[in-house]
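Trainee: I've just opened this one and I'd like to learn how to read it. Could we go through it together?

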Amino acid sequence: MTGAGPRAAGPAGAYAVVLAAHGSRDPASRAQFEALVAEVKALEPDRMITHGFLEFNTPTIDEAAREAVLAGAQEIVLVPGVLLAASHAKNDLPSELQALRREFPQVTFHYGAAMDLHPALLEVCRERLVEAETDARGEVRRDETLLLIVGRGTTDPDANGDVHKLARFLEEGLGYGASLVCYSGTAKPDLPTGLARAARLGFARVVVLPYLLFDGVLARRVREGVAAAAQRWPETAFVVAGHLGPHPKVAQVFLERAHEGVRGQGHMNCSLCKYRVGVVGYEAQVGARQVGHHGAVRGLLGAAAQAPGRPVIAPYEPHPIERESFEIIAGLRDWSTVNPADRYATQRLVHTAGTADIVEDLYFSPGATEAGVMAILRGLTVVTDVTMVQSGLKRQVLAELNVPVWCGVHDPETHLLSREAGITRSAAGIRRAFEKFGNDCVVAIGDAPTAIFEAVRLIRERHWRPGLVIGLPVGFVGTRESKAALRQCLSVPRITNVGTRGGSPWASSVVNALMIEAQNRLAASAAQGERPQPGPGA
């Protein structure tokens, strides 16, 4: 809780507003959000208005709602402090709302829409562009100027598409010669690519507008990128506009979204929402559960990091039979000959195989286990060649860590690629993972030697560098050869074996070992108030 204690929730029958921001490690971002909250409160001073953060900062969203309830609010609307409706507005915040409804069944909770392309926000964009052009050296006509919009970037194509729509509105409405879009975060093209494309088009000036709410890491990245572009292409005048910031019109949009939410008029574009309809390339996400993804960093930077409501990562607790099995495994051989960093993963493989005579056949490249654990802690996606590997992952640990898992073997696009390229579906799924995730993944192959051969090809020819490649298929056709080829890929961390033994449960066991180690480190670091540290084999 913050402030001088609970205050009245406003006139009888009035609803309270909880403004929900993402949160940031950058103090400037938090300060600007709090300045915007002050602008909102100034517009309706008699209304109870609190604010909270999804991650890093405090108060957390549940603490902000709890403050309103303690002040007497019987009706609360949660308003997303995000520009576009992507995963935060569609998954993370609704999951927060569900938890609040369970905690306070006597309170009526509403949900407002994301800010989206509101006309008032377009007006703020125009102000920022005019300010930048006025401060720039020289006078360049708008039709000789290219507008480059920099969005945050999301994994939601509908939200990314709205950035293109914004660019078109501003290009046509303000008379720019052309417009381009790039992203400073998740999506592509990234900022350096967007700046390079803009420079090559030959306009006298490029004006860059970061479509971001607040200052911070991403806004600073835009400023630094534009400064570097100006040095690289001195023949083009680069101008960077300001982000939206705590503008009174932004505050007005917040309140408008709150009013709409209470009236049940909060709107989102459901016709192209990847969670509702089978959008090309995202069919597997239709009907996905609304689950928050910020537990490990919730309130991380605040003094109330251990406040009620903050998820606590507990150490992994094995089933009693599992614990007894590992006690038996510990006595099966002399484990001092196995690298301590790889010992737990090796023992889990022994547990899966039912025999310790597999140990000498296993191969862990130097640092492979540590690379896998750190990849899990970084939130990289686990890519599997078949659904059996995915099914073998421990659900409770996946849920604790919010580990994303992807298997493309049954996707329509994988079937098309397999048919057109003349490769197996498992190999096609690995090729799609390369295209979809780039280096931000861990590859776990437990069934198809063809998937290993495709991964090796991409590593050698396309310079693919996943966080870790696990190759443990079973069988007699191509199995030995594929594992040998993987062992020779010196440029990536890898875990495999020799011979024909293996299978999907083996690949699952290695990933489970990595996740359990990651969970235990998070639990230990939370208890000590520190960041997760590398293990003994780092």
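This is a predicted model: local features need pLDDT of at least 70, side-chain atom pairs count only at pLDDT 80 or more; totals for chains, interfaces and linings use all residues.

Trainee: What is the phi of D116, and where does the residue lie?

Mentor: Most residues other than glycine have a negative phi, and most peptide bonds are trans. D116 has a positive phi, near 55 degrees, and lies in the loop between strand 4 and helix 4 (119–135). H463 also has a phi near 55 degrees, and its loop runs between helix 16 (449–461) and strand 13 (468–471). H463 counts as exposed, because its relative accessibility is 54%.

Trainee: And which peptide bonds are cis?

Mentor: Among them is the bond from T58 to P59, with omega near 5 degrees. P59 is in the loop between strand 2 and helix 2 (61–70). Another cis bond joins K188 and P189, with omega about 5 degrees; P189 lies in the loop between strand 6 (178–183) and helix 6 (191–200).

Trainee: You keep numbering helices and strands. How many helices and strands does the protein chain have?

Mentor: Helices (H or I, at least four residues) and strands (E, at least two) are DSSP runs, numbered from the N terminus. The protein chain has 18 helices and 14 strands. Of its 538 residues, 54% count as buried.

Trainee: How should I read a helix? Which residues of helix 1 are buried?

Mentor: Check its span, then its faces. The expected span is 1.5 Å times one less than the number of residues. Helix 1 (residues 27–43) has 17 residues and reaches 25 Å from first C-alpha to last, close to the expected 24 Å. Its buried residues include S29, Q32, F33, L36, V37 and V40. Seen down the axis, the buried residues of helix 1 fall within an arc of 150 degrees, so they line one face; the arc is that of the directions from the helix axis to the C-beta atoms. On the other side, P27 and A42 are exposed.

Trainee: What covers the buried residues of helix 1?

Mentor: Contact means heavy atoms within 4.5 Å. The cover of helix 1 includes strand 1, strand 2 (49–53) and helix 8 (248–262). For helix 2, nine of its 10 residues are buried, and what covers them includes strand 1, strand 2, strand 3 and helix 3.

Trainee: Now the strands. In which sense do strand 1 and strand 3 pair?

Mentor: Two strands pair if DSSP finds at least two bridges between them. Strand 1 (residues 16–21) and strand 3 pair in the parallel sense over five bridges, and L19 has V79 in strand 3 as its bridge partner. Strand 3 and strand 4 (residues 108–111) are parallel too, over four bridges, with I76 opposite F109 in strand 4. Strand 3 (residues 75–80) is mostly covered, with five of its six residues buried.

Trainee: What unit do strand 3, helix 3 and strand 4 make?

Mentor: A crossover is right-handed if, with the strands pointing away from the viewer, the path from the first strand over the helix to the second runs clockwise. Strand 3, helix 3 (residues 87–103) and strand 4 make a right-handed β-α-β unit.

Notes: Residues are numbered from 1 along each chain as its sequence is written. Side-chain values use heavy atoms; hydrogens and water are left out. Buried means under 20% relative accessible area, exposed over 50%, partly exposed in between (1.4 Å probe, protein chains only).
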